[in-house]
Amino acid sequence: MDRSAASWVRCVTALITAALGFGCEGAVVQASACDGLGDRKMGITGVEYAPCADELVSALDSLRLYLSPLVGDDSSAFDPADRAYSRLRSLIVETGVIRDYRSVTTSEVERWPEGTVRAFNRAVFGASVQYGSALGAARRGLYEDASGQIP
Amino acid sequence: MRTPADRSLSGNRLPVFAFVAAAALGTSWVACRPEPKPPTRFSLGDPLELGMFTLKARRMETVASPPPVPLGSLSAQPGEKVIAVFVRWDGLDGLTPMDRRIFVESFLQHRLAVVDEADERTPAFHAMSAGLYHGMPGGLPEREWVVVFHVWVDSREFTLLVEHPDPDPTGFELAAIPLTR
């Protein structure tokens, strides 16, 4: 096979691989009540948000469960803690609140008209940042002391 | 038999192919983008269904100079005049009064604009309750609001544009309401 043909084969193979990758991506992503909320631009009420909010609180609780052993120097909790953190972040991304906080074109107030819901979102986002920091600190060995005391 | 020159040429095909593919993708993206729907025409007083609430544009007036109420947003700058569009919203019953007020103010300031006879588009400058506009905070129904636009002093024949943030396939994306009958 000459170089020209080989390069075409490589190119077609790469395209097919990419297409398969995109096609199969949805199969491994866990479905959630938060799916699609990020596409909404107005009027997400607390009532319709409740199932997603439940999942967010569960994800926070789950992550907290694994962070405690990490503080106590149980490194076996790293993998489940990483998975729990990824799950939490993917749920938060699905809600679209990170885009709300960064964007100048979308309105947080229009998307989440209830002040209590906006406060909840900010609390969840803040907790996720703090848990993420704790996870990162644990990974850097700041919790090597098995006493569980936070340095 | 292929010469080294031929090989060199075929070896250079991959970047060319990548460039052509990128150009084709870019062209098809531009060409296949859905055309924005033309504005849907409404009249003053027609209710605009906006999901969780409805909005009616009621009338327009030019704000006197100096304004009757000492509000900065009502004062025209040189070369400008200020027009006020009176609207009424309904719905939002599930929200607290404070949430309603914050929501309505945000919506009216972000989603409304006027165009004049020269197609010059001006976004809303400010939105306030009708009570505040008339110098009687809390003195008029909560649902009556005023949206203020600062427009070129010689402009006229205004049309109000209202953007639907989450349009459904059968509804409007952009409502156009002529403000002068």
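**Figure 1. Strand β4 of chain B in the predicted model.** Strand β4 of chain B spans residues 80–91 and is mostly covered, with nine of its twelve residues buried. The coordinates shown here and in the other views belong to a predicted model. Strand β3 of chain B (residues 53–62) pairs with β4(B) in the antiparallel sense, over nine bridges. Within this pairing, B:Ala57 has B:Val87 of β4(B) as its bridge partner. Strand β8 of chain B (residues 144–152) also runs antiparallel to β4(B), and nine bridges join the two.

Figure 2. Five strands of chain B form an open sheet in the order β2-β3-β4-β8-β7, and the pairing is antiparallel. Its edge strands are β2 (47–49) and β7 (126–129) of chain B, each of which pairs on one side only. From one strand to the next, the twist averages 30 degrees. Strands β7(B) and β8(B) run antiparallel and are joined by four bridges. In this pairing B:Met128 stands opposite B:Val146 in β8(B). Helix α3(B) packs on the sheet and touches β3, β4, β7 and β8 of chain B. The direction of α3(B) makes about 145 degrees with that of β7(B).

**Figure 3. The mixed sheet of chain B.** A five-stranded open sheet of chain B has the order β1-β10-β9-β5-β6, with mixed pairing. The strands at its edges, each pairing on one side only, are β1 (40–41) and β6 (121–123) of chain B. Strands β9(B) and β10(B) pair over five bridges in the antiparallel sense. In this pairing B:Thr159 stands opposite B:Pro178 of β10(B). Helix α3(B) lies across β5 (112–115) and β9 of chain B, and runs at about 120 degrees to β9(B).

Figure 4. The side chains of B:Asp90 and B:Arg143 form a salt bridge, with an N to O distance of 3.9 Å. B:Asp90 belongs to strand β4 of chain B, whereas B:Arg143 lies in the loop between α4 (130–133) and β8 of chain B, so the pair ties together parts that are 53 residues apart in sequence. B:Asp90 has a relative accessible area of 24% and is therefore partly exposed. A salt bridge also links the side chains of B:Arg143 and B:Asp93, at 3.4 Å from N to O. Because B:Asp93 lies in the loop between β4 and α3 (97–111) of chain B, and B:Arg143 in the loop between α4 and β8 of chain B, this pair ties together parts that are 50 residues apart in sequence. B:Asp93 has a relative accessibility of 59% and counts as exposed. Through shared partners, salt bridges join B:Arg58, B:Arg88, B:Asp90, B:Asp93, B:Arg143 and B:Glu144 into one network.

**Figure 5. A salt bridge between chains A and B.** Over all chains, a search of the whole structure finds 16 salt bridges. One pairs A:Arg40 with B:Asp166, whose closest N and O atoms are 3.9 Å apart. This pair crosses between chains: A:Arg40 lies in the loop between α1 and α2 (46–71) of chain A, and B:Asp166 in the loop between β9 (159–163) and β10 (174–178) of chain B. A:Arg40 counts as partly exposed, at 26% relative accessibility. B:Asp166 is likewise partly exposed, with 24% relative accessibility.

Figure 6. Chain A contains six helices and zero strands. Of its 151 residues, 35% count as buried. Among contacts in chain A between residues at least 6 apart in sequence, 64% join residues at least 24 apart. The accessible surface of chain A is about 8,700 Å², and carbon and sulfur atoms account for 59% of this area. The mean pLDDT of chain A is 82, and 74% of the residues score at least 70.

How values were computed. Residues are numbered from 1 along each chain as its sequence is written. Chains are lettered from A and ligands numbered from 1 in the order in which they are written. This is a predicted model: local features need pLDDT of at least 70, side-chain atom pairs count only at pLDDT 80 or more; totals for chains, interfaces and linings use all residues. Side-chain values use heavy atoms; hydrogens and water are left out. Buried means under 20% relative accessible area, exposed over 50%, partly exposed in between (1.4 Å probe, protein chains only). Two strands pair if DSSP finds at least two bridges between them. pLDDT is the predictor's confidence in each residue, from 0 to 100. A salt bridge is a side-chain nitrogen of Lys or Arg within 4 Å of a carboxyl oxygen of Asp or Glu. Contact means heavy atoms within 4.5 Å. Accessible areas come from the Shrake-Rupley method with a 1.4 Å probe; for residues, only the protein chains shown count as cover. Axes are lines fitted to C-alpha atoms, for helices over the stretch in contact, and angles run from 0 to 180 degrees between N-to-C directions.
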